[in-house]
Amino acid sequence: MYRRTPGNEIKKPHRSDFQVLEEIGRGSFGSVRKVIYNPTKTVMVRKEIKYGHMNSKERQQLIAECSIVSQLKQSNIVEFFSWDFDEQKEVLYLYMEYCNKGDLSQMIKRYKQERRYVPEKIVWSIFAQVLTALYKCHYGEDLSPLTTIYDRMKQPAKGKNIVIHRDLKPGNIFLSYDDPNKINIENSAIQYNNGLLTNFKGYTKNEKIENNKNENIDYNLVNVKLGDFGLAKSLETSIQFATTYVGTPYYMSPEVLNDQPYSPLSDIWSLGCVIFEMCSLHPPFQAKTYSELTNKIKSGKFERIPEYYSNGLNSIIHSMIDVNLRTRPSTYELLQDIQIRTARKSLQLEKFERNLLDYEKELINIEKLLEKQSLEYERGLNQLKEQFDTAVEERAREILSGQKKKGSDNPRFYDKRLAEYYRR
Ligand SMILES: Nc1ncnc2c1ncn2[C@@H]1O[C@H](COP(=O)(O)OP(=O)(O)OP(=O)(O)O)[C@@H](O)[C@H]1O
């Protein structure tokens with residue numbers, strides 16, 4: 001992301017390096033737009049956060065959290081590229097990886113509209129990927145790949161750099177196909193034409209966005225990316241958060257509702273609610289009023305997920321939505337579950353297979369290129385051979401007729417052609 005300048009020093013991207021495209025949504029703190037980072041032609045999102053109302057302490061906290069989140073690099077976490085300020089407008093811009101297949105709330109909505117359950121294999125796969133992201137956040141280290149599903153996992157060290165998400169909900173779990181940047185440029189409302197950005201022919205912006213909404217997505221193939229975290233903490237204390245946060249706390253743990261501090265286990269409660277919703281197509285606790293909802297959450301009583309799903313899945317969800325913090329499992333403990341291990345192993349194998357296929361495609365391309373080069377080489381050689389034969393014939397005719405062509409008495413006239421022939 002950081003490009004090298006002629007002086008070879010690494011330069012932080014500037015706002016002018018980004019081409020701003022269409023708005024893809026609006027959150028509590030401002031709009032989210034697609035952008036292109038011109039030096040690498042990469043599609044990203046730019047999220048804006050208006051900070052005018054914050055006092056200097058809150059601003060400093062926001063910056064500190066940006067820098068923590070920017071260091072969280074893991075393939076199941078939305079990559080954070082850079083940020084900058086527009087001091088006049090008092091807006092902070094965050095530049096992040098663009099996830100091209102929407103988020104989990106949109107996926108749940110689709111299944112609900114189609115009156116279908118999300119297949120259990122997809123539920124486990126998404127569950128395992130979010131846990132992999134949470135492992136990085138809660139323990140500050142990457143989860144090692146599994147050799148077999150029975151591998152013993154070493155107990156993670158007590159993390160120094162613990163990051164708690166604090167706002168885990170379906171809308172913050174993003175979905176993406178592999179190589180999103182390539183796909184995005186093709187699917188975008190604009191396209192490259194000889195290096196210039198032009199409007200996509202035949203589509204108005206809105207039609208194209210609408211088309212993307214109706215596009216077929218194979219949820220077996222999506223990569224899960226956890227996004228939008230950390231920042232909630234600094235914003236939560238701000239006046240804007242208090243006045244604009246209108247969301248219902250469906251995923252908030254009872255301890256947080258009771259004003260106790262967030263802990264990694266609060267994320268586990270929220271994740272339990274998200275997985276429940278993926279199965280039941282509605283959150284575990286619903287109510288008409290805020291106080292009825294918080295009472296239900298604090299009681300911790302909710303129904304079984306539909307019979308369509310296994311007892312194993314039902315019981316792991318119930319273990320997570322547990323009011324008792326002492327018995328609620330940690331990320332590490334959840335990763336021991338045999339179904340989670342199976343889902344992780346199968347994701348690893350699928351990725352390996354995809355890499356093999358890519359490798360095979362690359363080999364086929366190289367083979368075609370070599371074939372083309374060898375044909376061109378042969379054609380060139382034949383041309384030279386013809387030229388040489390013609391020259392020899394001409395010379396023979398000259399000798400026989402006793403005539404001389406200008407320059408042909410110079411032996412180098414023929415040597416040069418011969419040398420070229422043999423050099424080839
Ligand atoms: N990295 C991303 N890739 C693709 N789409 C994104 C990305 N980040 C946000 N979006 C989309 O932008 C829209 C607004 O997102 P944002 O996270 O700001 O708000 P929200 O989650 O809807 O609400 P809140 O601000 O209360 O969390 C959503 O439709 C979301 O799916």
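Tyr 111 counts as buried because its relative accessibility is 5%, below the 20% limit for a buried residue. This briefing describes a predicted model. The domain assignment of the protein gives domain 1, covering 14–97, and domain 2, covering 101–179 + 218–357. Between the C-alpha centres of domain 1 and domain 2 the distance is 24 Å.

**Aromatic pairs**

- Tyr 219 is likewise buried, with a relative accessible area of 8%.
- In total, 14 aromatic pairs are present in the structure.
- Tyr 111 and Tyr 219 make a tilted pair, because their ring centres lie 5.9 Å apart and their planes meet at 45 degrees.
- This pair links distant parts of the chain, 108 residues apart: Tyr 111 belongs to helix 2 (residues 104–113), and Tyr 219 to the loop between helix 5 (205–214) and strand 11.
- Phe 276 and Phe 302 form an edge-to-face aromatic pair, with 5.5 Å from centre to centre and 80 degrees between the planes.
- Phe 276 is in helix 9 (residues 264–280) and Phe 302 is in the loop between helix 10 (290–299) and helix 11 (311–320), so the pair ties together parts that are 26 residues apart in sequence.
- Both Phe 276 and Phe 302 are buried.
- Trp 269, Phe 276, Phe 285 and Phe 302 are linked into a cluster by ring pairs.

**A charge over a ring**

- Lys 101 places its charged end over the ring of Tyr 177, at 4.7 Å from the ring centre.

- An open sheet is formed by five strands in the order 3-4-5-7-6, with antiparallel pairing.
- Strand 3 (18–27) and strand 6 (80–86) are the edge strands, each pairing on one side only.
- On average, neighbouring strands of this sheet are turned by 25 degrees against each other, direction ignored.
- Strand 5 (residues 42–50) and strand 7 (residues 91–97) run antiparallel and are joined by seven bridges.
- Within this pairing, Val 45 stands opposite Met 96 of strand 7.
- Helix 1 (residues 56–70) lies across strand 5, strand 6 and strand 7, and runs at about 160 degrees to strand 6.

**Strand 8 and strand 11**

- Strand 8 (residues 173–176) has Ile 173 and Leu 175 pointing one way and Phe 174 and Ser 176 pointing the other way, and all are buried.
- Four bridges connect strand 8 with strand 11 (residues 223–226), and these strands run antiparallel.
- Opposite Phe 174 stands Lys 225 of strand 11.

How values were computed. Residues are numbered from 1 along each chain as its sequence is written. This is a predicted model: local features need pLDDT of at least 70, side-chain atom pairs count only at pLDDT 80 or more; totals for chains, interfaces and linings use all residues. Side-chain values use heavy atoms; hydrogens and water are left out. Two strands pair if DSSP finds at least two bridges between them. Helices (H or I, at least four residues) and strands (E, at least two) are DSSP runs, numbered from the N terminus. Axes are lines fitted to C-alpha atoms, for helices over the stretch in contact, and angles run from 0 to 180 degrees between N-to-C directions. Contact means heavy atoms within 4.5 Å. Buried means under 20% relative accessible area, exposed over 50%, partly exposed in between (1.4 Å probe, protein chains only). Domain bounds come from an automatic or database domain assignment. Rings of Phe, Tyr and Trp (its six-membered ring) pair if their centres lie within 6.5 Å; planes under 30 degrees apart count as stacked, over 60 as edge-to-face and the rest as tilted. A charge sits over a ring if NZ of Lys or CZ of Arg is within 6 Å of the ring centre and within 35 degrees of the ring normal.
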